[in-house]
Protein chains: 2
Amino acid sequence: MVIRPYGYAIWEAIQSYLDGKFKETGHQNAYFPQLIPYSFIAKEAQHVEGFAPELALVTKGGGKDLEEPLVVRPTSETIINHMFAQWVQSYRDLPLLLNQWCNVHRWEMRTRPFVRTLEFLWQEGHTAHATAEEAEEEAMRMIRVYEEFAVTQAAMPVIPGRKSRIESFAGANITYTIEAMMSDKKALQSGTSHNLGTNFAKAFETQFIDEQQQMRYVHQTSWGASTRLIGGVIMTHGDDKGLRLPPNIAPTQVVIVPITRKDADRASVMGAVDGLVAALKGAGIRTKVDANELKTPGWRYNYWELKGVPVRVEVGPRDVEQGTCVVARRDVPGKEGKQVGVPMAPEAFIPHVQGLLAEVQAALLAQATAFRDENIVDVTSYDELKATVAEGKWARGGWAGSDDQEKQIKEETQATLRCFPFDQPAGPHTCFMTGQPAAEVALFAKSY
Amino acid sequence: MVIRPYGYAIWEAIQSYLDGKFKETGHQNAYFPQLIPYSFIAKEAQHVEGFAPELALVTKGGGKDLEEPLVVRPTSETIINHMFAQWVQSYRDLPLLLNQWCNVHRWEMRTRPFVRTLEFLWQEGHTAHATAEEAEEEAMRMIRVYEEFAVTQAAMPVIPGRKSRIESFAGANITYTIEAMMSDKKALQSGTSHNLGTNFAKAFETQFIDEQQQMRYVHQTSWGASTRLIGGVIMTHGDDKGLRLPPNIAPTQVVIVPITRKDADRASVMGAVDGLVAALKGAGIRTKVDANELKTPGWRYNYWELKGVPVRVEVGPRDVEQGTCVVARRDVPGKEGKQVGVPMAPEAFIPHVQGLLAEVQAALLAQATAFRDENIVDVTSYDELKATVAEGKWARGGWAGSDDQEKQIKEETQATLRCFPFDQPAGPHTCFMTGQPAAEVALFAKSY
């Protein structure tokens with residue numbers, strides 16, 4: 001998959017936000033080799049079992065066959081533990097809080113743009129701690145960072161929770177996830193944070209001397225979010241006219257379309273447009289002008305609607321005479337989304353646009369939240385789950401089933417256990433599958 | 001090679017500056033697949049000849065042997081032309097101005113940290129233009145961007161110029177370079193910009209219809225700078241005590257070392273330090289405090305000298321009483337670099353530190369420039385070149401030799417033709433090798 005500039009600019013917005021949050025929470029960026037000796041991957045039993053079928057292998061380098069194949073990184077726990085084992089000696093070296101922005105490869109049989117690609121871009125955080133408690137706190141802190149990004153920036157009302165054992169990361173004790181509902185009601189796992197316990201530490205002998213002079217294994221976490229988020233944004237908010245991008249991550253927040261039907265109009269219209277652009281850019285609003293006279297204004301409106309630009313400003317000769325313009329929001333279709341007579345004077349125009357961008361951001365989130373809530377059904381029996389899933393909806397119900405029963409549901413309905421949400425309804429709960437008391441409710445849905 | 005956080009932070013400073021300049025000059029970021037079908041690499045004859053010996057090949061994916069091996073990208077001209085050929089139809093699609101931040105692999109026999117590594121991080125710009133003139137302008141514009149970065153940010157007084165035919169990029173018509181002199185007097189090629197002409201366009205049929213309805217090949221450029229620059233900074237400025245980092249790209253510009261010999265000192269000293277930190281951070285100065293009382297102040301001074309932090313501030317109890325502190329600059333060793341009695345009041349302290357950072361930046365550039373100029377010798381015969389190179393210096397002289405004579409010099413002296421500098425001394429010139437008139441002087445030096 002090629003990520004063209006418009007998509008990549010969304011990724012840059014995601015990176016900018018997350019990188020800032022990672023640094024605020026004490027993490028530093030680093031870079032580890034992409035090609036990992038196969039023997040490293042093989043050291044942690046669950047890990048190699050989970051990843052072996054998806055690996056790309058380098059077997060030749062510089063014209064020669066390699067003695068040991070190199071794995072093109074699918075994730076970096078192993079190479080990073082190889083280094084951590086050398087770096088960590090004493091409790092004074094902990095915590096180690098690192099992050100890496102990079103590409104990874106997973107040899108997927110069925111691919112789908114942005115959502116499941118052979119290669120994708122992501123960040124992977126890797127931390128080592130002296131205690132189990134600190135690692136658990138870290139894993140929770142980072143899933144909350146992802147949740148905050150999704151909700152406040154991407155306007156994706158994700159549900160944070162814990163994965164079931166069989167859906168957890170290969171090598172993790174616990175996997176936390178944020179699950180998003182796309183507009184076709186499928187679930188998208190949009191970010192994960194793993195408490196790895198001492199699994200990799202034991203495989204790689206990542207040990208430290210504690211304050212009592214005892215050798216101990218470090219407790220670790222890893223957490224990642226990827227270019228899949230771009231797919232999440234597209235599939236959460238898109239409509240029949242194209243993308244609808246949340247203003248906070250939109251590469252272009254405002255597009256201005258000058259309307260110059262006669263040559264005589266051009267000077268005055270473009271003069272007014274220049275003034276608006278200067279004011280918008282001065283206010284830090286990402287702005288584009290589409291003055292392409294080879295295309296009609298209508299063609300240009302459609303084009304920028306397709307691109308999902310949240311706010312469009314139209315300026316024609318009559319507007320200039322009146323000192324006003326027309327402003328249209330992308331999220332509200334047709335005439336209802338159009339405001340005429342908006343003053344162009346910067347002291348009125350800029351606060352108006354800022355307010356509108358905030359409104360669009362909030363409206364997209366509210367709309368997606370309402371859609372999500374409409375499409376989650378509480379179920380009390382397996383039959384109800386089947387009916388719910390057959391309608392394409394998400395099912396929520398008490399769960400105390402076995403791993404085998406979870407697999408049975410997947411085979412029979414294609415729905416998987418998405419998560420045990422952190423936010424649990426009041427109990428007691430009864431397992432819809434077994435009729436036994438259940439400690440928690442779980443969400444089931446079809447996914448990509 | 002692993003890039004640890006301190007080194008990676010230098011890379012982030014480099015990225016931040018260059019990415020800003022690329023965008024200012026109209027480029028957008030994108031991302032292309034890393035694994036390239038071998039047949040793509042083979043399409044441009046010179047390109048495959050140059051890169052084939054250095055390739056890493058993926059031959060297995062998802063547990064199966066691949067029908068065609070995939071090349072782990074050594075550079076992306078081929079995959080990008082594969083896409084450009086689909087994207088470019090008309091002159092209206094041009095220019096295409098893209099950049100990609102990524103990792104690349106070249107299977108090197110002799111590696112050296114940062115400078116020659118099997119995998120490295122870089123950016124690669126790729127552009128397509130309607131005319132040869134525009135491509136040439138672009139190639140020149142970007143080598144000047146690299147030059148400006150090197151001189152103003154990295155304090156590396158690079159010499160920009162044109163590579164000889166045999167030292168040019170495999171597939172380029174012309175390669176421009178910035179050449180830096182390291183402190184061991186070896187040359188480091190620190191960034192390159194290539195005018196690719198229509199070579200790749202012809203191999204990939206990247207054509208457009210011009211305004212006269214004629215099919216034409218696009219004219220292309222590519223240009224790159226890498227984590228090698230981190231090595232360049234280290235080897236340009238480092239001394240026997242460790243790194244010396246130019247303030248503009250130093251992850252930490254100011255380190256404050258509180259001196260608290262008695263418990264009673266701690267509150268007042270740390271109070272004063274907190275005030276300095278707040279003022280420095282408020283002024284956008286990257287600041288660290290090293291209050292590790294397990295280490296003596298002297299140990300901590302040495303540690304941050306090793307790390308190359310440009311300015312150190314020492315605050316002890318007597319300083320606090322007097323409202324002053326001691327400030328030491330990393331680039332001037334010993335007592336001469338120390339200033340006592342510097343007022344801690346922010347209105348005096350901040351401008352003082354800002355001035356000092358600017359002085360250190362300028363002094364590192366001036367020192368490296370003087371060193372470079374002392375070690376370039378004008379030669380008028382091959383014997384003089386040999387003697388100059390044997391001393392480890394760079395030789396400059398008129399050059400009208402053949403490719404074979406250039407290779408002969410390399411074999412006999414290990415020096416290579418680094419570049420024909422843009423900045424040429426007044427002529428006429430005589431070739432030191434052949435005695436014939438020479439259009440230009442060239443620089444010869446040993447390199448990494």
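Is A:Lys163 buried or exposed? In this predicted model, A:Lys163 is buried, with a relative accessible area of 3%, where buried means under 20% relative accessible area, exposed over 50% and partly exposed in between, for a 1.4 Å probe and protein chains only.

## Basis of the model

Because the model is predicted, local features need pLDDT of at least 70 and side-chain atom pairs count only at pLDDT 80 or more, while totals for chains, interfaces and linings use all residues. Residues are numbered from 1 along each chain as its sequence is written, chains are lettered from A and ligands numbered from 1 in the order in which they are written, and side-chain values use heavy atoms, with hydrogens and water left out.

## Two copies

Eleven strands of chain A form an open sheet with mixed pairing, in the order β1-β5-β6-β12-β9-β8-β7-β20-β23-β19-β18; strands are DSSP runs (E, at least two residues) numbered from the N terminus, and two of them pair if DSSP finds at least two bridges between them. At the edges stand β1 (28-29) and β18 (376-378) of chain A, each of which pairs on one side only.

Within this sheet, strand β7 (residues 159-162) and strand β8 (residues 174-181) of chain A pair in the antiparallel sense over four bridges, and A:Arg162 stands opposite A:Tyr176 in β8(A).

## Salt bridges

Over all chains, a search of the whole structure finds 54 salt bridges, a salt bridge being a side-chain nitrogen of Lys or Arg within 4 Å of a carboxyl oxygen of Asp or Glu. One of them joins the side chains of A:Lys163 and A:Glu179 (2.8 Å, N to O). A:Lys163 lies in the loop between β7 and β8 of chain A and A:Glu179 in strand β8 of chain A, so the pair ties together parts that are 16 residues apart in sequence. A:Glu179 is buried too, with a relative accessible area of 1%.

In chain B, the side chains of B:Lys60 and B:Asp65 meet in a salt bridge (2.8 Å, N to O); B:Lys60 counts as partly exposed at 32% relative accessibility, and B:Asp65 as exposed at 57%.
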